[in-house]
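Subject: Handover of a structure

Dear colleague,

A written account of the findings accompanies it.

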Amino acid sequence: MNAYKKLLCLPFLILALAGAQAQGVLKNQQKIALNSPGKPYSLELNLHSASVMMSTYNGREIVVEVRDESRAATLDTAKQVFASSYKIESSQQNNVVVITNTNSATKIVMTVKVPANLAATLKVNVKKIGDVTLENIRGNIEVNANTGSVKLLNVAGSAVLSTVTGSVLCSFTSIAPSTPMAFSTLNGEIRLQLPAVAKANFRIRSEKAVLFTDFDMDFGAEKPRTTTQGNKKRIILTGPMNGAINGGGPGILISNSTGNLFIEKK
Amino acid sequence: MCDKENIVHYLHGELPALQRKEMESHLQTCDSCREELNAALKLWDMFEELPIEPPSANMEADFRRMLNGFKYEERRNSTGFWKQLISFRLHWSYSVAMLAIGLLNGYLIQSQGKNKDIRDQFAALSDEVKGMRQTVVLSLLQNPAATERIKAVAYTEQVNSSDKKVMDALLTTLNNDPNINVRLVTLDALVVFAEDPYVREGLVRSITQQESPLVQSALADAMVKLKEQRALQIWKKQLSEPELDQSVREKIRTSMQAIQQTSI
């Protein structure tokens with residue numbers, strides 16, 4: 001009976017060993033080569049307290065740099081501290097890269113460089129404190145922050161963003177056709193910049209916000225109070241509203257509790 | 001000599017000339033075969049009357065993306081014993097569904113012009129279509145991409161609250177989805193069905209399931225809109241919990257007042 005039990009344990013032990021080998025502990029700077037370079041990939045960051053800066057470069061690998069925020073000013077000394085003390089691990093399977101940080105005590109700064117012009121599925125989750133900034137990224141982007149702002153600059157594709165306390169800014173060079181999107185925060189303004197030809201059906205949930213827009217937004221039967229200044233409109237929202245631009249398209253949720261809303265032509 | 005199987009081939013124009021002539025002369029003499037032919041024709045007419053849903057403008061793009069997503073998933077799933085096992089189960093269930101539809105069709109064609117039977121089975125077929133829409137929603141809700149899950153929630157506008165499977169899936173999404181925005185969109189979709197007591201209760205129960213201040217305050221809005229008295233008790237308890245977010249606390253207080261005022 002005992003031998004039998006031991007035998008049962010063996011496959012699990014082998015699995016655990018294999019798993020440990022597949023995972024790597026990140027050093028201060030690490031280059032992660034994709035399983036299939038040049039092919040669409042996924043990158044998921046699951047972090048506790050972290051400021052994340054992600055941008056593109058002319059290379060085929062994902063370059064991750066980590067440092068302690070308190071040492072941010074003196075980068076040189078920070079380089080000597082291995083990221084293992086931040087408990088950051090990375091794993092990859094079939095072009096899906098997952099980077100996780102389990103140390104909740106230290107707030108880190110993470111800089112990520114990803115290959116330019118390569119479609120990606122990106123998920124950034126920051127559980128506690130930290131701003132997330134993504135620049136020039138192309139693909140399907142999800143960001144969940146908590147206390148901190150979310151900024152997407154010159155991105156292409158689609159985005160689903162949320163934070164609790166902090167502003168949300170998202171500027172698109174182009175948007176994925178017929179893909180729904182969502183932008184939400186509790187306390188903070190939301191600024192969305194879309195190509196002038198973008199089609200969308202907005203669902204705007206806000207209590208006492210003012211919406212500024214230079215799009216011609218069709219609110220259907222509802223006629224919210226609007227003042228016009230040049231081609232800019234100032235619309236006072238009194239409750240949830242639905243508005244279409246350019247004849248309507250995929251649904252875009254805009255949701256906040258306090259803070260103004262901006263939907264602008266890029 | 002009656003060859004009923006050939007009637008179908010005859011209708012499809014698949015018979016060679018000689019057999020075709022034989023069939024035609026046989027049909028003139030054999031009542032039972034003529035009846036069979038008429039029954040099959042009637043069935044075809046009924047299929048003709050099936051309402052054809054106009055494809056939406058995005059259908060082609062949607063389909064392409066779904067196909068690409070599927071290809072991508074397939075590639076990702078191409079290794080791993082368990083994944084293969086799961087996908088085997090999927091193929092297996094597909095086959096069974098196809099077999100069921102095939103059998104149903106065969107049965108319909110065989111039935112001897114009993115109109116009522118055909119109508120019953122026709123209803124079964126339209127249930128099947130409803131079931132397929134349900135399957136699409138349920139499987140899209142499992143998609144790893146938040147945009148796809150949001151899309152699934154948007155599809156549920158076309159179902160009604162009696163579809164308990166879809167309602168359960170929406171309530172599960174509201175309580176468990178890792179993405180806050182997906183939960184917010186789901187909440188909006190569920191409020192539409194809040195006339196249904198089952199959905200309504202699910203919404204009330206969901207209050208204690210939420211940790212995100214965004215969803216908590218959106219649920220508070222929903223409760224005020226529904227004038228839901230049961231929320232008051234739950235909130236009273238929540239207000240006594242010290243870890244409750246400050247802005248949610250305020251939100252709950254004003255929402256309680258709003259509900260109490262409307263109930264007077």
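This is a predicted model: local features need pLDDT of at least 70, side-chain atom pairs count only at pLDDT 80 or more; totals for chains, interfaces and linings use all residues.

Residues are numbered from 1 along each chain as its sequence is written, chains are lettered from A and ligands numbered from 1 in the order in which they are written, and side-chain values use heavy atoms, with hydrogens and water left out.

The interface. Chain B contributes 27 residues and chain A 29 residues to the contact, where contact means heavy atoms within 4.5 Å. About 2,200 Å² is buried between the two chains, 51% of it on carbon and sulfur atoms; buried area is the accessible area (1.4 Å probe) that two parts lose on being put together, summed over both. On the side of chain B, the residues that lose the most area to chain A are B:Thr147, B:Asn181 and B:Leu214, together 25% of what that side buries.

The rule finds 2 salt bridges across this interface, a salt bridge being a side-chain nitrogen of Lys or Arg within 4 Å of a carboxyl oxygen of Asp or Glu. A:Arg205 forms a salt bridge with B:Asp188, with 3.4 Å between the closest N and O atoms.

The cores. A nonpolar core is a set of buried Ala, Val, Leu, Ile, Met, Phe, Trp, Tyr and Cys residues joined through side-chain atoms within 4.5 Å; buried means under 20% relative accessible area, exposed over 50%, and partly exposed in between (1.4 Å probe, protein chains only). The largest such core has 60 residues, of which A:Leu43, A:Phe183 and A:Phe202 touch the most other members. Beyond four places in sequence, the residues that A:Phe183 touches include A:Ile190, A:Leu253 and, in the other chain, B:Asn181. A second, separate core of 50 residues includes B:Val185, B:Ala222, B:Leu226 and B:Leu239.

B:Leu43 counts as buried because its relative accessibility is 6%. Its C-alpha atom is 9.2 Å from that of B:Arg119, although 76 residues separate the two along the chain. B:Thr156 is also buried, with a relative accessible area of 0%. Setting aside neighbours within four places in sequence, B:Thr156 is in contact with B:Val137, B:Val166, B:Leu170, B:Ala189 and B:Phe193. By contrast, B:Asp120 lies 36 residues from B:Thr156 in sequence and 26 Å away in space, C-alpha to C-alpha.

Yours sincerely
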